[in-house]
Each structure stands twice: as C-alpha cells, then as structure tokens.
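Subject: Structure for you to look at

Hello,

Here is the structure I promised to pass on. Please open it first, then read my notes below.

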Amino acid sequence: MEKKWWHNKVAYQIYPKSFYDTNGDGIGDINGVIEKLDYFKELGIDILWLSPIYCSPLADQGYDISDYYNIDPRFGTLEDLDRLIAEGKKRNIGIVMDLVVNHCSDEHEWFKKACADPDGEYGKFFYIENHKDGEPLPCNWRSYFGGSVWEKLPGHDDKVYLHVFHKKQPDLNWENPKLRKEIYKMINWWLDRGIAGFRIDAIINIKKKLPFSDYPADRDDGMTSMNNMLAEASGIGEFLDEMATETFRKYQAFSVGEVFNEKDEELPLFIGNDGYFSTMFDFSAELIEEEMTPDLYKNAIFKAHERVEGIGFLSNIIENHDEPRGVSRFIPKDALSDATKKMLAAIYFLLPGIPFIYQGQEIGMENLDSVNDLNELDDCANADIYENAIHEGLSKEQALQLLAEKSRDNARTPFQWSDGANAGFTTGKPWLMINPKYTDINFASQKDDPNSVWHFYKDLIALRKNPEYESTFVYGKFIPFLKRQHNLIAYNRVGDKHIMVLANFQKDAQTISLPSKIKKVLLTNVSKTPDNFSSTSTEIVLSPYELLVVEMV
C-alpha cells in the first residue's frame, strides 16, 4: 500500500452551528472554532472537518447550499475562514470542508435560472420533467425525508423537478458535462484557498438509474425506497474518477466519501492507491436495523475491515451528525457509564484506518432521555419519523420517545463546555435545546480528571501516535481473535509490534486464553495496573465491560 500523508492522522468532525458561539446569537460560528483550536491541539487532532458553512437557507442545516463560493453570515465571513485555515496550519491542523454536490438549494442561482428557462442551459443542470396534473409522476421513488422525490417546478404547472432529499434541495444532473465542469472549478477554488480536502456528502446518489421508472411499493403510500434505484444504478465510477483527476489528485488533497452500496470488486477503485477517494466511512454498524448487540457490532466492523485489508483505508466512526449518539446506541442503557464509553472508544479507534471523532463524543455526550413536543426539535427528517410511527400504531408519547432515540438532533444539540448557563455554548438563546445532561457531562468537569472520558480519548490518540507503536496501528495487519466468543470483541494489530485489543462487552466476567504472554498493558478502562497481570500466564479474566490494550510477547 502506497503511504499517504493522511494515513496517520486523527480527524474530528465539527457541527459548527452547535460547537461554540462567540457573538451571542445562539449559533456557533467560525470564530468559535478558532478560539478552540488549542483545545484540538491538546487533544491531538490533525484534521478538522466542518459540516457545511456555505450560504444556505438551512432547510437541511446547510446541506442545501445557495452559494458554493461564500460563507453564510450566521457563521462568519470568508476572511474568518481564511484565518481559521492559517491558524490551523500553525498548529499542524488541516481544515476539511463538506462537499455537497448531489444537490444544491432551490435558492441557488442555477436553480433560479432553471425556473426562469427550464429548456435553457441551466434547466439541464437539474432533472426537470414534463408532468400534468392527474398523470403518473415520472417514478414512484420516495425522498429520504418522506414523500415523493418530485415537486412542481416553481412557475411551471406542467413541469416537476427531482429532489431525493428535501424539496428545497433539487438534484444536480451529473449527466451534464457542463454541470460537472462547474463543480470541479468550485472544488479547485477551495483547494487553492488552502483547505486540506473534503468530506463528500451523499455522493453515491449522483448516478441515477435512467430512464426514470417505478419499483414495487414498500409502504402503503405507493412509493419505494431510494435504495432500490441505487442498487441498479451503474456507471458512477466514470463521474468519480473524472472528479478525482480534475481536483483531488492534482493537490494531493484528503477526501473522505460518504459511500453506500459499493461492491467488493469496486473497493480498489474507491479507496485503492489511486482511488476516487483517500478513504471512505465505515457505515457497516450504522446500517444495522435490528436492536444493536455486541456480536452484531463485532461482526459488522470485522467484516468491513477484512474486506478492505490490503486495499485501502476506511474511516472509523461511532457517530456523526446524521446519527443519534453512538454510546446511546451501542451500549445497553443499564450499562452506560464512563467505563463502557471508554471501552467502545478503544474498540473502534484502534481498528485499521483513520479514526474520526464527532464533536461531543470525546466527553461522552448521550442522547436525550425524552422529548415533550415535536417543536423542541429541529431536524427536517423528524416529521417523517413521527408520522410513520403514528401510522404504525404508536401513541403520541411513544412516537416522541422514538424521536428521543432516533432523531438526528441528538447529535446536533450544542456542545457541553461546562455546567454553566447554556452549557457554556452561548450567552444568547441556543438555536436548539441543550441536552439536560450537560450538568453531569461537560468538558470543564473532565479536563483535569485523569480518569475522565475526555482524558481517555487523549490517551488513545497519544497511544496511536506513539513512535513505538504508530507503524503497527497505522499499517499493521488486522487479525480478529476469538471471533465466535460471545460478547467478546478482540483483535490483533500486527506489524513492528504485536498489539491486542480485548473488550468484554457484557455484564459478566469472561476468561480469555491468549496465544502468548502479555508484555505490557498499554491502556485500560479500569483501575488495574500492569502489576495485576502475571507475566507467566496466558489466561486472563476480564471483568464486566473491561477493556485492555496490550503489547504481546
């Protein structure tokens, strides 16, 4: 595998609107990120990915972009961003922007021109179809946010446009080379400005199965999931290779793709030595629809890393802005504690690939316990979750409780800096409710506590970067250990050193027979010291939810 500058990095996702507010308007801003750069430096972060800060009406929290070349005034200015890039470089921290090019906002200049002249140049930047009332729509696809993907084109009762997300997010027509050229020009403009690269949003959606056609309905609304179309769409590689050639490869830029449904034979094309992307997120665990169990989680992440072994790097996550809090999903509610949060952190963080931390994860932020009213939340996807729950027979209270577990707002509540007013996030009124748990879970209470979740993440990062072990963690082989042992997640990282990660993911102790003796304990989530382990024994007992990272003889 060809070595790249990003292979040994640790990345952190910022949701700017909820990170830190410096002007008291209740919305986080770029200057808030600048103020906290030393926080990231102390933690050990190398790459900061900013969720969208472009001009936007915020119908989908900035993923509906009205101007790709400017910053939304709520977040700051281009000059603020230039200062962030410069200050980041002083600390060896690269700034990564969000690249949203499956769709734009209906307030973007391109779409306004398309509405003015659907048959003109900009009309071909989108998917616009003729349609008369009473006739079937071009296809029965269901938007990711619920309802049809088709909406009447403003000013034209006889035409509809495609939006696979929110109706204010018209899909861009990647089949049009003029559209692609405009996108590449914009990407290079940002790279010339000094950013380190991009996280690429929803990119698998840019290739549609054409001509438009229906699929069997999977709900009584007569519509079908987008997944049915994506499974049949082919040829996306031509678009992605062209984009990489025209942009990322020229700059040796870091790129991480939000990719689903890729086939095994396509992996070298996506993340190989000269792949479309530097890396792509491992969503294997996030895609599990059943109630999460340790064995389901283990099987998902092990399969994901075994299939890319020797090909390329995955980016490892337990949460992001599109998911509820990872600790609340992966850890049983009655077992949620600092110790189990640390255990989960080490399991995912020390896998091969590039570890990503989502803001608040490093202090153990959790889901909301309850929601009293739909109006307490903000996400545009909440209505579909709520209405579908009511349709399935749940009561209003049960539907609201489901939102407390499933809503993306769980990950978007403001960062909990302290136990003071508004969790130290803002002096104004927060744009979204503060999680009431902030009085117990906050950075200020953890900063000087060596046993805190925050310090554990700092120790994890330091261990991965330790010159003695870095090569093994970054380039060492991944070898699962005792894969079939119930509620045990254990694996080897073998390179210059032999390191084992062992996690007893249950409330009862487990006895483990090791292949050799332990040479050194590198990290643990309990108060044990290396003296607790016999250097002559190859059998150990892991206490409930105990995590061990050890160097083997």
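A term to start with: strands here are DSSP runs of E with at least two residues, numbered from the N terminus. Keep in mind that this is a predicted model.

**The whole protein**

The protein has 17 helices and 20 strands. Its C-alpha trace spans about 80 × 50 × 50 Å along the principal axes. How does the radius of gyration compare with that of a compact globule? The two agree: a compact globule of 553 residues would have a value near 24 Å, and the protein has 24 Å.

Of the 553 residues, 59% are buried.

The protein exposes about 22,000 Å². Carbon and sulfur atoms supply 47% of that area. As for charge, there are 61 positive and 88 negative side chains. The centres of these two sets lie 5 Å apart.

Where is Ser 66? Look in the loop between strand 3 (54-55) and strand 4 (67-71). Its side chain reaches the backbone nitrogen of Ser 56 at 3.5 Å.

Which residues does Ser 66 contact, leaving aside its neighbours within four places in sequence? Cys 55, Ser 56 and Pro 57 are among them. Ser 105, Glu 107, His 108 and Glu 109 are also in contact with Ser 66.

Best wishes

Terms used. Residues numbered from 1 in each chain as written. Predicted model: local features only at pLDDT ≥ 70, side-chain atom pairs only at ≥ 80, totals over all residues. Heavy atoms only, no water. Helix = DSSP H or I, 4+ residues; strand = E, 2+ residues; numbered from the N terminus. Polar contact = N/O pair within 3.5 Å; in protein donor to acceptor, adjacent residues only side chain to side chain. Contact = heavy atoms within 4.5 Å. Rg over C-alpha atoms; globule rule 2.2 N^0.38 Å. Buried < 20%, exposed > 50% of the residue type's maximum accessible area, 1.4 Å probe, protein only. Areas by Shrake-Rupley, 256 points an atom, 1.4 Å probe, with all protein chains shown as cover. Lys, Arg positive; Asp, Glu negative; His and termini not counted. Charge placed at Lys NZ, Arg CZ, Asp CG, Glu CD.
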